[in-house]
Amino acid sequence: MQRFWDERARENPWYFVDNRQDYARPDPERFWAEGAHDLDYMFELLGVRPRGDEVVLDLGCGVGRLTRALAASTAEVVGMDVSQEMLARAAEHNSHLDNVRWVHGDGSSLRPLDDASVDACVSVVVFQHIPDPGITLGYLREMGRVLRPGGWAAFQVSTDPRIHESRRRPLRERLRALAGRSPRGQDDPRWRGSVVDLDDVRAACADGGMTVERVAAPNPQFCLVLARRGSG
């Protein structure tokens, strides 16, 4: 996973963090604005929002699309990603932020974060790219570990198997990708990812000491979940 996402960061970080961007002509201003909008949309649907005194983990932060928005309204944000290349670009593009820590993750856990060290966890358009749903479920258990009592996790998963099916792109598109005129890696399992079953999500959250409080599914690919750690 690290190698794949390092390659995507070198290729075109704007597009691979938010593929609504025009691959050939990415618009950084729109990129940051839509990050804030997407975050507000998720919080509105789930009925939760971080407080100004909280520490928030942005899991799969990429170049800091959501991290920047979170930093504007919280005490501290931990931006974690499996890609060192993404993190390097995140630090460069967000050098003005003094309440963000960039942390390189190991691709299967939330180490090196300590137990009960954050108030909230956020993850959007990350789990849907993980090819093994068992890894996603492991991350949910880890969220429960790093959350303080009463803390919450807001995250997005895909429950739509159709978008994860292997599809061979037309030869013309593959040639364009080789020439650098269209995105590479679209047929790779590390891009196609996998679905997760909501019953498995609930079980993994329970294993981590959390209870699923709300599920909002505007469409199956963008299924939003709010889970909370017990206060005891």
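Student: Where is Gln 21 placed?

Tutor: In the loop between α2 and α3. Helices are DSSP runs of H or I with at least four residues, strands are runs of E with at least two, and both are numbered from the N terminus. The model is predicted, so local features need pLDDT of at least 70 and side-chain atom pairs pLDDT 80 or more, while totals for chains, interfaces and linings use all residues. Residues are numbered from 1 along each chain as its sequence is written, and side-chain values use heavy atoms, leaving out hydrogens and water.

Student: Does Gln 21 count as buried or exposed?

Tutor: Look at relative accessible area: buried is under 20%, exposed is over 50%, and partly exposed is in between, using a 1.4 Å probe and protein chains only. Gln 21 has 4% relative accessibility, so it counts as buried.

Student: Which residues does Gln 21 touch?

Tutor: Contact means heavy atoms within 4.5 Å. Residues up to four places away in sequence are not counted. Gln 21 then touches Trp 14, Tyr 15, Pro 26, Asp 27, Arg 30 and Phe 31.

Student: Now another loop residue. Where does Ile 163 lie?

Tutor: In the loop between β5 (147-157) and α7 (171-178). Ile 163 counts as partly exposed, at 28% relative accessibility. Leaving aside neighbours within four places in sequence, it is in contact with Ser 158, Arg 192 and Gln 221. The C-alpha atoms of Ile 163 and Gly 193 are 8.8 Å apart, though 30 residues separate them along the chain.

Student: Which residues of helix α5 are buried?

Tutor: First, the general idea. An α-helix has 3.6 residues a turn, so residues three or four places apart point the same way. In α5 (residues 84-93), the buried residues are Met 86, Leu 87 and Ala 90. Seen down the axis, they fall within an arc of 95°, so they line one face of the helix. That arc is taken from the directions from the helix axis to the C-beta atoms. What covers these buried residues includes α1 (2-11), α2, β2 (76-81) and β3 (100-104).

Student: How many disulfides are counted?

Tutor: A disulfide is a pair of cysteine sulfur atoms within 2.5 Å. The count here is 0. Cys 223 is in no disulfide either, with the nearest cysteine sulfur, that of Cys 205, 11 Å away.

Student: What volume does the largest pocket have?

Tutor: On a 1 Å grid over the protein atoms alone, a pocket is an open set of points with protein on both sides within 12 Å along at least five of seven lines; a cavity is a set where a 1.4 Å probe fits but cannot get out; lining residues have an atom within 4 Å of a point. Points join across faces, edges and corners, and volume is the space filled by probe spheres set on them. The largest pocket has about 680 Å³. Of its 29 lining residues, the closest to the centre are Asn 19, Val 125, Gln 128, Gln 221 and Phe 222.

Student: How many cavities of 30 Å³ or more are there?

Tutor: The count is 1. The largest cavity has a volume of about 440 Å³. Of its 28 lining residues, the closest to the centre are Gly 60, Cys 61, Asp 81, Val 125 and Val 126.
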